[in-house]
Amino acid sequence: MQLSYAQNLEDYHLDLLFADQPTGTYIDVGGGHPVADNVSFHFYLKGWRGIVVEPQAPMARLYPPLRPNDRLVTDLVGRAPGEIDFHIVDRLHGLSTTRAHHAEGAARWGAAFKTERRRMTTVADLAAQAGLTTVDFLKIDVEGAEADVIAGADLTRFRPKVLVVEATVPGTDIPAWDEFEPLVTAAGYRFVFFDGLNRFYLAEEQMALAERLPRQPTADEVVARLGRFGRAGEDPRHPDHVLAQRLPPESLPTLSAIATEAWAALVAPFAPTLDPQSLESAAIRGRISAHYDGGLIV
């Protein structure tokens, strides 16, 4: 891996587990931005496909232009189908949650929230509706409601090889896995790795993969992380710095959302060999505009 897109190198550690697997399937619950701070985007670029759950409209609208081959779900995911209150945090989209007290905690960063009544489904139903028979990893990041998602996943029947579950109280490093881990272990999964934010679990029948993981979280120096770069046009270290400097500055905030035809016309004079329909082209658009469209909160 040359570049990690995830917040905490989750994609790097998953790539260690699946290094010899060219294709696969994921379910990403709480996808956030389709590129920046995203756990599954590295695998999308490799040719994997899956289901991404992202109920926040500003983030969800970016998936069709950047990740058209994934199945986007904008419903909430929990214990059972129905309805539930969703607390949408202003600006800090990564803190939006179905748990009111966690949304209220965003006030420490000066963020308010609004509440909407939203439809809810389950992981098990999503997998069944998509006709998935094999899932390589299930990632869950729902700001304190992880136990609800796991309870609705039917892990004894529906068996992802790997679970990646955010395991601390939102916005802190306080352990919170006691709320969901009994459900995971009862379903035949074993804890194998903690990266400081997420706990990784392997299905008991997949435990041979555990030897591929490090004993300690990986240092930042091992692989570059998108979140460590500044805006592409301003940071010479950014992988798209040269191109971003050539593009009209007023175009940078909208690259993720514009039509592919408009993107092709915009970039052609500066990158004539770039196929605007390619996966790498989508990655470039997402990486450049992430600082403007909410992918990287600064």
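Not counting residues up to four places away in sequence, Ile284 touches Asp240, Leu243, Trp263 and Leu274, where contact means heavy atoms within 4.5 Å. The place of Ile284 is in helix α11, residues 279-293; helices (H or I, at least four residues) and strands (E, at least two) are DSSP runs numbered from the N terminus. Ile284 counts as buried at 9% relative accessibility, the term buried standing for under 20% relative accessible area, exposed for over 50% and partly exposed for values in between, with a 1.4 Å probe and protein chains only.

The structure is a predicted model, in which local features need pLDDT of at least 70 and side-chain atom pairs count only at pLDDT 80 or more, whereas totals for chains, interfaces and linings use all residues. Residues are numbered from 1 along each chain as its sequence is written, and side-chain values use heavy atoms, with hydrogens and water left out.

In the protein chain as a whole there are 11 helices and 12 strands. The radius of gyration, taken over C-alpha atoms and compared with a globule rule of 2.2 Å times the number of residues to the power 0.38, is 19 Å, which agrees with the value near 19 Å that a compact globule of 298 residues would have. Along the principal axes, the C-alpha atoms fill a box of roughly 55 × 45 × 35 Å. Buried residues make up 55% of the 298 residues, and 68% of the contacts between residues at least 6 apart in sequence join residues at least 24 apart.

An open sheet of seven strands with mixed pairing has the order β4-β3-β2-β8-β9-β11-β10, two strands being paired if DSSP finds at least two bridges between them. Strands β4 (71-73) and β10 (189-194) stand at the edges with a single partner strand each, so one side of each is left without a neighbour in the sheet. The twist averages 15° from one strand to the next, with axes fitted as lines to C-alpha atoms, for helices over the stretch in contact, and angles running from 0 to 180 degrees between N-to-C directions. Strands β2 (residues 25-29) and β8 (residues 137-140) run parallel and are joined by four bridges, and the partner of Asp28 in β8 is Lys139. Helix α1 (residues 10-17) packs on the sheet, touching β8, β9 (162-166), β10 and β11 (198-203), and its direction makes about 20° with that of β11. Helix α6 (residues 123-130) also packs on the sheet, where it touches β2, β3 (49-53), β4 and β8, and its direction makes about 140° with that of β3.

A search of the whole structure finds 12 aromatic pairs; rings of Phe, Tyr and Trp (its six-membered ring) pair if their centres lie within 6.5 Å, with planes under 30 degrees apart counted as stacked, over 60 as edge-to-face and the rest as tilted. The rings of Phe43 and Trp48 have centres 4.8 Å apart and planes at 55°, so the pair is tilted. Phe43 is buried at a relative accessible area of 0%, and Trp48 likewise counts as buried at 0%. One aromatic cluster is formed by Phe18, Tyr26, Phe43, Trp48 and Phe137. His42, found in helix α2 (residues 41-46), is buried with a relative accessible area of 10%.
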